[in-house]
Amino acid sequence: MKEAKYYKNLDNSTVQCLLCNHFCAIGKNKTGLCQTRKNINGKLYTMVYGYPVAMNVDPIEKKPLFHFYPNSLTYSLGTLGCNFACENCQNWDISQAGSIEKIISKMDDYISPEKIVENALGDDCKSIAYTYNEPTIFTEYALDIMRLARSNGLKNVWVSNGYINKKVLADIIPYLDAVNIDLKSFDDEFYSSNCKAKLRPVLENLQFLKQEQVHLEITTLIIPGKSSNIEMLAQLADFIVTQLDTDVPWHITRFNPEISWKLKDLQETGDDLIYEAHQ
């Protein structure tokens, strides 16, 4: 385990994680909502540093980023855990794995930041993508990789839910070249019920990223009956235009219940919903 970078002590036994906007207060021998950070004797430790569970070479368009080094390859990695609990998650086997400390204790290979960069260069990748689960919950690992990547001529890409603490985001931005934020809805109730989070911090971080001139693209999954209301989607599009810019790409994607963590009783997103959202 590695001591976490972003936390403070509340008392002799309780710490507060400062990584994302949940700001979890974590008692002794307990973990936060993302299940990746544990309080051991008044110090907070990250259990996932150096232990990615998914590594692949992907086309950059798969992130999806359609306007950032198109037709290039990106070395993608992710760990266990997530600070959201989205019912529609398609990577739920790693994001909602549970018993993370136990799982990692059985993993053999620690993979250093140096090895990740070496792999990316060896696979002729233009960038490294921090993806599959929420990269915020492995920020310490990601930052160490990002610094090395930058010094070796590689770009850094985050695929994120945007719930990161703004102060932490400010530390990442100097090494961040592009980001795709999953803006799941423009309805705070949806964020509360489906993701166990809040909308406002995501909107504020989108504005901050645009202000800092990070290449930004946005994705919204159209879930029938959940995030398919056309008036809501029009409000979301209006936010992009008025609060970000007309040059921010917006990806609208189809929900597939077969690979969803929950919501398996819903229908797949029909063409009519996708085209209506597009209009």
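The largest nonpolar core has 81 residues. Ile-128, Tyr-130, Trp-158, Leu-183, Tyr-191 and Leu-206 have the most contacts inside it. A nonpolar core here is a set of buried Ala, Val, Leu, Ile, Met, Phe, Trp, Tyr and Cys residues joined through side-chain atoms within 4.5 Å. Buried means under 20% relative accessible area, exposed over 50%, and partly exposed in between (1.4 Å probe, protein chains only). Apart from this core lies another, of six residues, including Phe-68, Ala-129, Val-157 and Ala-178. In soluble globular proteins, nonpolar side chains tend to be buried together.

This is a predicted model: local features need pLDDT of at least 70 and side-chain atom pairs count only at pLDDT 80 or more, while totals for chains, interfaces and linings use all residues. Residues are numbered from 1 along each chain as its sequence is written, and side-chain values use heavy atoms, with hydrogens and water left out.

Take Leu-206. Leaving aside residues up to four places away in sequence, Leu-206 touches Ile-181, Leu-183, Leu-216, Ile-218, Phe-239 and Leu-244. Contact means heavy atoms within 4.5 Å.

Now turn to the open space. The largest pocket has a volume of about 880 Å³. Its lining counts 34 residues, and Gln-90, Asn-91, Val-159, Asp-182 and Lys-184 lie nearest its centre. Two or more lining residues come from each of β10 (155-160), β11 (178-182), β12 (215-222) and β13 (250-254). By class, the lining of this pocket holds 12 nonpolar, 15 polar and seven charged residues.

Some terms need their cut-offs. On a 1 Å grid over the protein atoms alone, a cavity is a set of points where a 1.4 Å probe fits but cannot get out; a pocket is an open set with protein on both sides within 12 Å along at least five of seven lines; lining residues have an atom within 4 Å of a point. Grid points are joined across faces, edges and corners, and a volume is the space filled by probe spheres set on the points. Ala, Val, Leu, Ile, Met, Phe, Trp, Tyr, Cys and Pro count as nonpolar, Asp, Glu, Lys and Arg as charged, and the others, Gly among them, as polar. Helices (H or I, at least four residues) and strands (E, at least two) are DSSP runs, numbered from the N terminus.

β10 and β11 run parallel, over four bridges. Two strands pair if DSSP finds at least two bridges between them. Val-159 stands opposite Asn-180 in β11. Four of the five residues of β11 are buried. Asn-91 sits in the loop between β8 (73-78) and α1 (92-95). Asn-91 is partly exposed, at 24% relative accessible area.

Which cavities does the model hold? The search finds two of 30 Å³ or more. The largest cavity has a volume of about 100 Å³. It is lined by 15 residues, and Cys-17, Leu-19, Cys-20, Cys-24 and Cys-34 are the closest to its centre. The second largest cavity holds about 80 Å³. β10, α5 (166-172), β11 and α7 (200-211) each supply at least two residues of its lining. That lining has eight nonpolar, four polar and no charged residues. Trp-158 and Ile-181 are among them.

Next come two open sheets. Four bridges join β5 to β6 (residues 43-46), and Ile-40 stands opposite Lys-43 in β6. The other three-stranded sheet runs β2-β3-β4, also antiparallel. Its edge strands are β2 (7-9) and β4 (25-26). Two bridges link β3 (residues 15-17) to β4, and Gln-16 stands opposite Ala-25 in β4.

Finish with the backbone. Most residues other than glycine have a negative phi, and most peptide bonds are trans. A cis peptide bond joins Lys-63 and Pro-64, with omega about -5°. Pro-64 lies in the loop between β7 (54-59) and β8. Asn-71 is found in the loop between β7 and β8. Phi of Asn-71 is positive, near 70°, and Asn-71 is exposed at 74% relative accessibility. Asp-124, in the loop between α3 (113-122) and β9 (127-130), has a positive phi near 60°. Asp-124 is exposed, with a relative accessible area of 65%.
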